[in-house]
Amino acid sequence: MTSKEKNYEELVSVAQKFGGRPGGFGEEDAAYIVLHANSILASHTIPGIEISSVETPEGIDAIITVKEGYRIDKPVRLCFGHLGTEGVQRINSSIHIEKGAKATFLSYCVFPNAVQFLHAMEGDIVIDEDGDFTYEEIHVHGPEGHIDVRPKTTVLLRDRALYRGDFSLVEGRVGSLDIHMEVTAQGEKSRVELTSKVYGKYNDSCKVRDIISLTGKESSALIKARVVLKDQSHGTFVGLIDGAAPGARGHVDCAEVIQGEAKAEASPVVRASHPEAEVTHEAAIGRIANDKIEGLMAKGLDEDQAVDIIVSGLLR
């Protein structure tokens, strides 16, 4: 087996083990890309999907189009990773969901051995009329080390388009995370749902910034964040929805849980730039109840194991 084949097998194995979604990679009826560092290990398309990818000195530039009217049954899988201990990986992507198309993308970011690493992603997503697009980003890191994760994404929705974005970094150590998401729901009756799930440990730094502008008539949005912090980690959440059109509706929901010496800050921001818009919010910062931890410890678990089990339920 060549080194390229070994890297492919290991990255895909880790992604499927911790991502909880087996299958897809290597299947003839599924679309996928597997990238190690800046080397494209595998790329496959199916009818209805066009993928153009180019290796760059530090990563990849990719253009992906889901063609008009196509409804893609199997999730499109993207695996971006590195098996080394240090380095840089930059992903630049442009995704276009054409009129009436529907697809789900599962993006696995796999860095099981990284100690010092920068993983930067810049994405641009456009969803045309009646398009339906879900993008799930799942990170798998090692238990130690420090990874700088910098995902920045802009999304534009046209009439009756739907976008669901789900970011999850709960396996392994976060390192330094800075999510920046900007969405413009320009189309009439367009909808946005953003969800973030993060588990910070040690002295991790976790920043989540979700900004949605509802400029389309009767457009709607939901921002939901679940952040758990322990040890000396710290986290900041900013969720902003601007209702800027008649009938626009939005809600921001943030819950942060802290343990040890962790620090958390939540800033749900609601803005109504149009008199017929309605935007609401709720935010909570609290601790895991001691009786829940003690109950699990009475069954033979140590404190860290008990906390991890409770956290897994909170972030499910």
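## Salt bridges in a predicted model

Glu 27, Asp 29 and Lys 74 are joined in a network of salt bridges. A salt bridge here is a side-chain nitrogen of Lys or Arg within 4 Å of a carboxyl oxygen of Asp or Glu. The model is predicted, so local features need pLDDT of at least 70, side-chain atom pairs count only at pLDDT 80 or more, and totals for chains, interfaces and linings use all residues. Residues are numbered from 1 along each chain as its sequence is written, and side-chain values use heavy atoms, with hydrogens and water left out.

**The bridges**

The count comes to 14 salt bridges. Three of them are listed here, including one from the network.

| Pair | Closest N to O distance |
|---|---|
| Lys 74 and Asp 29 | 3.0 Å |
| Arg 164 and Asp 132 | 3.1 Å |

Take Lys 74 and Asp 29, which form a salt bridge. Lys 74 sits in the loop between strand S4 (59-66) and strand S5 (76-81), and Asp 29 in the loop between helix H1 (3-19) and strand S1 (32-36), so the pair ties together parts that are 45 residues apart in sequence. Helices (H or I, at least four residues) and strands (E, at least two) are DSSP runs, numbered from the N terminus.

Lys 74 is partly exposed, at 30% relative accessible area. Asp 29 is also partly exposed, at 46%. Buried means under 20% relative accessible area, exposed over 50%, and partly exposed in between (1.4 Å probe, protein chains only).

Arg 164 forms a salt bridge with Asp 132. This pair links distant parts of the chain: Arg 164 is in strand S11 (residues 162-171), Asp 132 in strand S9 (residues 132-141), and they are 32 residues apart. Arg 164 is partly exposed, at 29%. Asp 132 is buried, at 14%.

Arg 150 is partly exposed, at 30%. Asp 148 is partly exposed too, at 24%.

**The whole protein**

The protein has three helices and 19 strands. Its C-alpha trace spans about 60 × 55 × 35 Å along the principal axes. Of its 316 residues, 50% count as buried.

Among contacts with a separation of 6 or more, 78% are between residues 24 or more positions apart.

Conventions: Contact means heavy atoms within 4.5 Å.
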